[in-house]
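Please walk through the fold of this protein, taking its sheets and the helices packed on them in turn.

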Amino acid sequence: MLLKVENLSVAFRMEGKTSVPVRGVSFSIENGDRVALVGESGCGKSLTALSIGSLVDRAQIKGSITGTDRIAYVFQNPIQSLNPVMRIGRQIEEASPRRRMSPKEIGDALESVGIARTSAKRYPCEFSGGQQQRIMIAMALAAEPELLIADEPTTALDVITQKEVLDLINEKAIERGMSVLLITHNLALVKRYSRFVNVMYAGKIVESGPVERVLSSPRHPYTQGLIAAVPDIKLPKNAPLKDIPGTVPAPWNWPEGCAFHPRCPYAKEECHLPSFAVCPFVEDV
């Protein structure tokens, strides 16, 4: 077992109120595995990922995170993660645990992600969004991680560049025997790049399982809604797009019972009760 997260909760105290955006999350990642964490914005995915690497400030964190501490991140907006006044070669060198890399090693690191090895002395603003994300991947790989956490790594990129970046992450993971935790709201990416998926809603994991099983036979109404909302190119161009009514509630105002019940088409009286435990549609969450 490379990483095990058990009953993780993250709480913040704000203006006299307690907000718990992550509530009792548990999952594991095996060596060399591909795991996805899926859900709408505001479900707690990124906060869960940051907690794994102890990158959350001013929070009360409960539960346990055991396993590797060799973790690297690739975030969704590379221009906000890269230092605008530092040459990219130096930034890659800083990510290395040795803190010293020869010009040849830096050039090799750039070349391995499809960036010209002669670019080491250039600044982040001199690159396109896709190239900046490749530089972020080079930095992550320089840290020699056992687990790469890719948090919405293609959000700001066009479809073609998205595929190139994710193919690159997948290629490097296979090459290095590295595990990947992919955080996304895009189920098409999950199907292509992950083996196991955890579906997250309102700070909790509501359904887990092998990707093929979850996408072909979703049990939780929220998972069903996410899959139904994926556009189908086989439908007529004027066919209405499906969505899940409503929005994710604020973490300081989670509904009692099942947090999804205000949006769920199958909600019953028992789903509203504080004593609610497990969605009747899901047996193994």
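Predicted model: local features only at pLDDT ≥ 70, side-chain atom pairs only at ≥ 80, totals over all residues.

Residues are numbered from 1 along each chain as its sequence is written, and side-chain values use heavy atoms, with hydrogens and water left out.

Helices (H or I, at least four residues) and strands (E, at least two) are DSSP runs, numbered from the N terminus. Two strands count as paired if DSSP finds at least two bridges between them. On that basis, 6 strands form an open sheet with mixed pairing, in the order β5-β6-β7-β3-β8-β9. Its edge strands are β5 and β9 (204–210), each of which pairs on one side only. Neighbouring strands of this sheet are turned against each other by 20° on average, direction ignored. Axes here are lines fitted to C-alpha atoms, for helices over the stretch in contact, and angles run from 0 to 180 degrees between N-to-C directions.

Start with β6, residues 147–151. Buried means under 20% relative accessible area, exposed over 50%, and partly exposed in between (1.4 Å probe, protein chains only). In β6, 5 of the 5 residues are buried, so the strand is largely enclosed by the rest of the structure. L147, I149 and D151 point one way from β6, L148 and A150 point the other way, and all are buried. Strand β5 (residues 71–74) pairs with β6 in the parallel sense over 4 bridges. Within this pairing, I71 has L147 of β6 as its bridge partner, and Y73 stands opposite I149. Strand β7 (residues 179–184) also runs parallel to β6, joined to it by 5 bridges. There, L148 stands opposite V180 of β7. Between β6 and β7 the chain passes through helix α6 (residues 159–176), and this β-α-β crossover is right-handed. A crossover is right-handed if, with the strands pointing away from the viewer, the path from the first strand over the helix to the second runs clockwise.

Helix α6 has a packing partner in helix α5 (residues 129–142): the two pack at an angle of about 15°, with their axes 10 Å apart. That angle makes α5 roughly parallel to α6; angles under 35 degrees count as roughly parallel, over 145 as roughly antiparallel, 65 to 115 as roughly perpendicular and the rest as oblique. The crossing of α5 and α6 is right-handed. A crossing is left-handed if the near helix is turned anticlockwise from the far one by less than a right angle, and right-handed if clockwise. On the α5 side the contact (heavy atoms within 4.5 Å) is made by G130, Q133, R134, I137 and L141, and on the α6 side by T161, E164, V165, L168, I169, K172 and R176.

Next in the sheet is β3. Here too 5 of the 5 residues are buried, so β3 is largely enclosed by the rest of the structure. R34, A36 and V38 point one way from β3 and V35 and L37 the other way, and all are buried. β3 runs parallel to β7, with 5 bridges joining them, and V35 stands opposite L181 of β7. β3 also pairs with β8 in the parallel sense, over 4 bridges; V38 stands opposite V199 of β8.

A separate open sheet of 3 strands has the order β2-β1-β4 and antiparallel pairing. β2 (17–29) and β4 stand at its edges with a single partner strand each, so one side of each is left without a neighbour in the sheet. Neighbouring strands are turned by 15° against each other on average, direction ignored. Strand β1 (residues 3–14) and β4 pair in the antiparallel sense over 7 bridges, and E6 has S64 of β4 as its bridge partner. Helix α1 lies across β1, β2 and β4, running at about 110° to β1.

Two loop residues remain. Most residues other than glycine have a negative phi, and most peptide bonds are trans. R58, in the loop between α1 (45–52) and β4 (60–67), has a positive phi of about 55° although it is not a glycine. A202, in the loop between β8 and β9, likewise is not a glycine and has a positive phi, of about 50°. R58 is exposed, with a relative accessible area of 78%, whereas A202 is buried, with a relative accessible area of 0%.
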